[in-house]
Amino acid sequence: MTAVSWMQLLLILGAVVLMTKPLGVYLVHVLDPEEEGGTFLEPVMGPVERLIYRVLRVQPSRGQTWIQYTVSVLTFSALTAVVTYVLLRLQDKLPLNPQNLPAVTPHLAFNTAVSFVTNTNWQSYGGESTMSYFSQMVALVMHHFFSAAAGIAIAAALVRGIARTRGKTIGNFWRDMTRLILHLLLPLALVYAVFLVWTGDPQNFMPYSVLTTVDQSTAASATEAAQETIAQGPIASMISIKMIGTNGGGYMNANSAHPFENANALGNYVQMVIFIWIASALTYYLGRMVRNQRHGWAVWSAMFAVMLAGILVCWYAETAGNPLVHAAGVAVAPGNMEGKEVRFGVFNSATWAAMTTATTCGAVNSMHDSFTPLGGLVPLINMQLGEVIFGGVGSGLYGMLVFVFVAIFIAGLMIGRTPEYLGKKIEARDVKLASLFVLVTCFAVLVPTAWASVSDWGMAGLNNNGPRGLGEILYYFSSASGNNGSAFAGLTTNTPWYNTLGGIVILVGRYFMIIPVLALAGSLVQKRAVAQSAGSFPVSGGTFVVLLVSTILIVGALTFFPVLALSPVVEHFLMHGGSMTF
Amino acid sequence: MTHAKARPLFDPEIVGPAIGASFKKLNPAHLWKNPVMFVTEIGAAITTLELIFNRGGGGFIFVLQITLWLWFTVLFANFAEAMAEGRGKAHADALRKSRGKTVARKLARDGTTTTVPAETLRKGDVFVVVAHEAISADGDIIAGAATVDESAITGESAPVIREAGGDRSAVTGGTTVLSDEITVRVTANPGESFMDRMIDLIEGAKRQRTPNEIALSILLSTLTMIFLIVCFTFKPFAIYTSSYAGEAINLAVTVAVLIALLVCLIPTTIGGLLSAIGIAGIDRMVQKNVLAMSGRAVEAAGDVDVLLLDKTGTITLGNRRAVEFLTAPGVSERELAEAAQLCSLADETPEGRSIVVLAKEQYNMRAIERHNIPRATFVPFSAQTRMSGIDIDGRSVRKGAADSVRAWVGHDFSNEMADAIDRISRSGGTPLVVAETPHVLGVVHLKDVVKGGLPERFTRFRAMGISTIMITGDNPLPAAALAKEAGVDDFLAQATPEDKLALIRKEQRAGHLVAMTGDGTNDAPALAQADVGVAMNTGTQAAKEAGNMVDLDSNPTKLIEVVEIGKQLLMTRGALTTFSVANDVAKYFAIIPAVLVAAFPQIAPLNVMRLGTPASAILSAVIFNAVIIISLVPLALRGVKFRPLAAAVVLRQNLLVYGLGGLIVPFFGIKFIDVLVHNVLHLA
């Protein structure tokens, strides 16, 4: 934990702090132009926007009830998932396929479509060896935009439900999507893609280059020179939105550990800031919309505190490394460098791992399975908290707001009033919906993991037994349920059982959370607001932040304590007790 | 104000039956309404079966102890509820006894009376009651007036006057007429009367769960479901682990251990005390002689943030008091005081007395006893003269309203006097001019007296975010002056009942919850509109029906206490919920290491409490979990300490006590029990 690393941490977190407000304000202009006017892009995007409305026959000014909004989300998700499935299945007949890659198998096409439409981006395939340029650019990148926009739209709908009183409508899904893509995601992605090209990410349509390597020691025979295929293609355009939209579904199998996806230290730094940016800015959007900026910052602080704690633990654990390896004298570098890119080292790998799992980005620049037990515990817990520590774009905020509800409901009574959140009384129906949300994470992670850990199909995929093996299964379902998409590796999940169950968990983790959240928005928007006074529950300030963090940890994380005790925790003690477990 | 007799918390008369009731409440048909305790009972039943059919799977003594403590957990929760109900029932029985069996003299249309049992009276029937008879049913007096002893319901021994017409026409069944005769029209059928509803409510017989209780139950059920998942999945994880770590781990995770873990994690503390807290809240209202028509009303009282307070009787004492002597030019204060005292000697009104007192306090004038001045002629106050006074030794001294005294002395007041009178009027006071023919001596300033402690109380309310509005029939100017003195936030002057209703609607539209008191029939619409309407027991039946609480003492100031009790009820519920949830941390740290240590001795550092053996660790957690319920019964029944502070401060303090306390206490509690169980008693 060197001074340089501390400074890097400061630079990352400092940038997040500074960039939160500007984008937060901009989000208000994008999502709710009635509030403070439209964006500066209105002259350019306005005509496009109106054209889209005309084609889709959408009346943008007409708000939707929560049911209409939900139906729109589900319809849109289902349709676009089908489009992706069809495009992947027809890959061999479609253009931009210089490598002549075959059609994607039905099984994998389904898994991929589901995984991308939900912003999960679990990839059971190697991108460069499976997907054509067309598939990458259209079938997959489309969801990078759509799933991110949908997440933000749903968060905005919930925030409107909180901010509006005695209303019925929580916004118009089609307008939210259109405006988010035109005014926010496309322009950001465009600018960032240019930056990525500048740092060194390829952006071309050329066939893969086949080069004769300098080192000929691996040549198969004396007559055939050893060769290497360099995969390339429209990479920068995909990576840019992959990061902006916390998608994480990369171009290459190696994801962000590959130099074409993560060219250098500057690129790595900017990526970390970028994938947390919108999620962070949404807390400012919240504060602005509910006219209580201190509340927005309080929610932000709770997220920030948990994330920082995670970064520090993970960084510390990875720096300390494995005592057994050090004792054996085989470690060439300080800390645990197994599975890490030497370009990034311990700090940038550990910080990235904590941040990519705190958000639902799921892009990886190191192999999480090679982390020390404690280092690997951090990504696990981050995902098991329900992806609310900044979380996915949108999904993080709405998940966090559910925890805000739970926290206020548990402790709010202590001020001697029926619990209320920003003037809205939390009633039985709201508690029911919030409860469903909390229950889903617990159920969707623990039950499949338990099943897998005692069944033949579950054990068949394991490369490690012992606590690490349990951790791998747990990681898989935590990642699926949290719609994170990062992999612990070490577990062969490309089997019918894992793919199917994983796919179901992904869908449950996305839609069984979206539906209660939108229902909650619909319930809140109808309520009248109780006047705020000194007697109202304080939703800002240190007490509130501590309360929120405690609730997240006790209600969210503690439920996983027994299973975590049997995986990384016990592994940690075994490792320090001198037993080699992985 | 006599409150219902305060019982000791663990009154043997109540504890005995409550213990019996705890066992009766084990009936699953009763218990399933409380999901947390129901799950606990099922757990206890399963370990019992395990004990009977499987001899505890090897650890008979251990499972036996776990089983016993699980049953105790359920019994303790039942006991808490039974205690709360028992206290209510004791109050109800006292009421019922006071009513006894009565007969009524029913008045037929032709004017004849027949004697019928009280319970046959129906709404609309008319009956006659004379002195020393009990009133048979709730009703309105349609003829006559009487003094009535209402001590049976109010505990107040002083009789009250009830008369036909006006706002004091309602009588309550079970009270006794002391003098005169009244004719009453019945307003409630048997079983629906005020007393009946009160008894039902206090007994908790018809207690309906309040909206907040329902919402909280949903959360508690969710937590229970979560921990069911956690515990059910723990077994497969243990089986998986045994595949490489050996059978030890699998053997450690027995049915009894899983159920112990489950019961420790589910929120048994709040689950067990939830209904007791609700019943005790209503009971606390009853002890203050306030009858809430539903638990919902008590909760609403906690949410109230605007109080409408009538000036007279609520903010001020009913009468005015002399506070200063203002002399006319050329008259010494002593002269004025002496004259004022002289003409008040025979004046028995509180105002008159206060003049005598003021003269005594300021000039040390001992009041001359009335019988010591036999030559004097006292002139009593009359509506015509609007003056009172004394004629003695040729002197003629009068005090009275300015106009009357001006007419009496026959000339205008000096400018100074006119100014003084004007100033007093404008400040909300009453000027009482004192004159001795033919001179005007000065003015006595009579002032409304704000009840002691109210301004401080309102300040504290303001800090809690509750604003107070004074309602008065006075003109705006004096109203403003008094409002300032009393420390209320706002006032409504020259208020009519319609104004009051409009004000409530306005406040509610702005998102406020309003509480008010009222007694007259014309208060009824406002009482119904208010979120909390406290009707005075002396008020009309219409007012009582419209409100959702009745104050048996008819003390409007009690509205403030009503709000406090409502808040206290909600606070208690929140505090115990927070405490219960925070407790889980320590219980995890007691049980999980205990389960793992057999297979993984390396995890010993996780056993932060250094508990003796795995068995004693698990047992101690279960015992703590059970004992904490019984030890929190007093808190549940009494309510947490109420402090009138801003929400942010209250939250911080309560989070520290019940949140942080809930984190820390079980660590010490479980350790203590472990020492007892393991080191002292050698039970495990």
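Hi everyone, and thanks for having me. Before anything else, please keep in mind that what you see is a predicted model.

Let's start with two helices in chain A. Helix α7 of chain A covers residues 133–163, and helix α9 of chain A covers residues 235–244. They pack at an angle of about 20°, and their axes are 9 Å apart. Angles under 35 degrees count as roughly parallel, so α7(A) is roughly parallel to α9(A). As for handedness, α7(A) passes α9(A) in a left-handed crossing.

Which residues make the contact? On the α7(A) side, look for Gln136(A), Leu140(A), Val141(A), His144(A) and Phe145(A). On the α9(A) side, you'll find Met238(A), Ile241(A) and Lys242(A). Sorted by class, this contact has five nonpolar residues, two polar ones and one charged one.

How many cavities of 30 Å³ or more does a search of the whole structure find? The search finds nine. The largest cavity holds about 120 Å³ of space. Its lining has 13 residues, and if you want to find its centre on your screen, Gly386(A), Ser395(A), Gly482(A), Gly509(A) and Met513(A) lie nearest to it. Three helices of chain A each give two or more residues to that lining: α15 (395–412), α16 (428–453) and α19 (496–526). The largest share, three residues, comes from α19(A). By class, the lining of this cavity has seven polar, four nonpolar and two charged residues.

Last stop, the largest pocket. Its volume is about 1000 Å³, and 40 residues line it. Nearest the centre of the pocket are Val549(A), Ser550(A), Leu553(A), Ile554(A) and Ala557(A).

From chain A, the elements that give two or more residues to the pocket lining are α11 (293–320), α14 (373–384), α15, α20 (542–557) and α21 (561–576). From chain B, they are α22 (559–596) and α25 (647–680). Which element gives the largest share of the pocket lining? That is α20(A), with ten residues. As for class, the pocket lining divides into 31 nonpolar, eight polar and one charged residues.

Technical notes
Residues numbered from 1 in each chain as written. Chains lettered and ligands numbered in written order. Predicted model: local features only at pLDDT ≥ 70, side-chain atom pairs only at ≥ 80, totals over all residues. Heavy atoms only, no water. Axes fitted to C-alpha atoms, helices over the stretch in contact; angles between N-to-C directions. Helix = DSSP H or I, 4+ residues; strand = E, 2+ residues; numbered from the N terminus. Parallel < 35°, antiparallel > 145°, perpendicular 65-115°, else oblique. Left-handed = near helix turned anticlockwise from the far one by under 90°. Contact = heavy atoms within 4.5 Å. Nonpolar A, V, L, I, M, F, W, Y, C, P; charged D, E, K, R; others polar. 1 Å grid on protein atoms, 1.4 Å probe; cavity = no way out; pocket = protein on both sides within 12 Å on 5 of 7 lines; lining within 4 Å. Points joined across faces, edges and corners; volume = space filled by probe spheres on them.
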